[in-house]
Amino acid sequence: MASCGNNFTLRCPSGAPCFASTCRPQNPRAPLHDINLILSSSSSSNLKLISYSSARRRSFVTVRADMATEEKSISQDRMLVFVPPHPLIKHWVSVLRNEQTPSPVFRNAMAELGRLLMYEASRDWLPTVNGEIQSPMGVASVEFIDPREPVAVVPILRAGLALAEHASAILPATKTYHLGISRDEETLQPSIYLNKLPDKFPEGSRVFVVDPMLATGGTIVAALNLLKERGIDNNQIKVISAVAAPPALQKLSENFPGLHVYTGIIDPTVNDKGFIIPGLGDAGDRSFGT
């Protein structure tokens, strides 16, 4: 058994993956909250769900396969966290962790990680159009991404710029809306200094919110609240992050049911300065060298 800092207890059945085995409880008497982790494979039919159930009693980890249809009903009222077990994702996270990685390589690693996570997050999510075209050898049935419904990409400055760098390369149709949010080093409270979001998003919009570090959760919660004020529902949003920690995931789970989070890795804790441990340091400073 392993106790995690976001106030839930994990009991891992034999053979099941267990996260955060080195975590320590901060407040074991606090109520537990729903967080689900999805370990996605290359095939959506082989998704595995790890459910952290909501209860005041001891919760346990359940692992289920064949999630292609079941996932949709589960995700209606629970936040889902996807940790794709792709070796390239693990590779780029490892490059980011290394304190010896120079700034240009760090930024490139962040961009490559973002490309892979957005690829995974866009599976079965993008609007498509069907038709027929003439190939050099004959008529072929085809399916394209519908360019009339661009995905809104919202990088949270400044580190989000690096993670979102390849969004327009992997997605055929995008619109980018920059959002600048800084965090007070003493209070850890977010402050919005740049907001390029529209007053209202078109109905049915799909939104990627790109924030490399989900630590205390203040920044990402502030960003998602701005989106909700502009007509975006939780199930229209997918959060892309390099590293996530339990405090942020718990806040998101409490406030945004139906939200999907895609992250490269989940680390066990956050220190008193609001940095993820072991994390990868200040993602903005390391991306831009300043």
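Biologist: Why is E165 called partly exposed?

Modeller: E165 has a relative accessible area of 39%. Buried means under 20% relative accessible area, exposed over 50%, and partly exposed in between, with a 1.4 Å probe and protein chains only; E165 is therefore partly exposed. This is a predicted model, in which local features need pLDDT of at least 70 and side-chain atom pairs count only at pLDDT 80 or more, while totals for chains, interfaces and linings use all residues. Residues are numbered from 1 along each chain as its sequence is written, and side-chain values use heavy atoms, with hydrogens and water left out.

Biologist: What makes the contact of E165 and R107 a salt bridge?

Modeller: A salt bridge is a side-chain nitrogen of Lys or Arg within 4 Å of a carboxyl oxygen of Asp or Glu. The N to O distance between R107 and E165 is 3.4 Å, so the pair meets the rule. By this rule there are eight salt bridges.

Biologist: Why is D267 called buried?

Modeller: D267 has a relative accessibility of 2%, so the term buried applies. Its side chain meets that of R97 in a salt bridge, 2.7 Å from N to O. R97, at 25%, is partly exposed.
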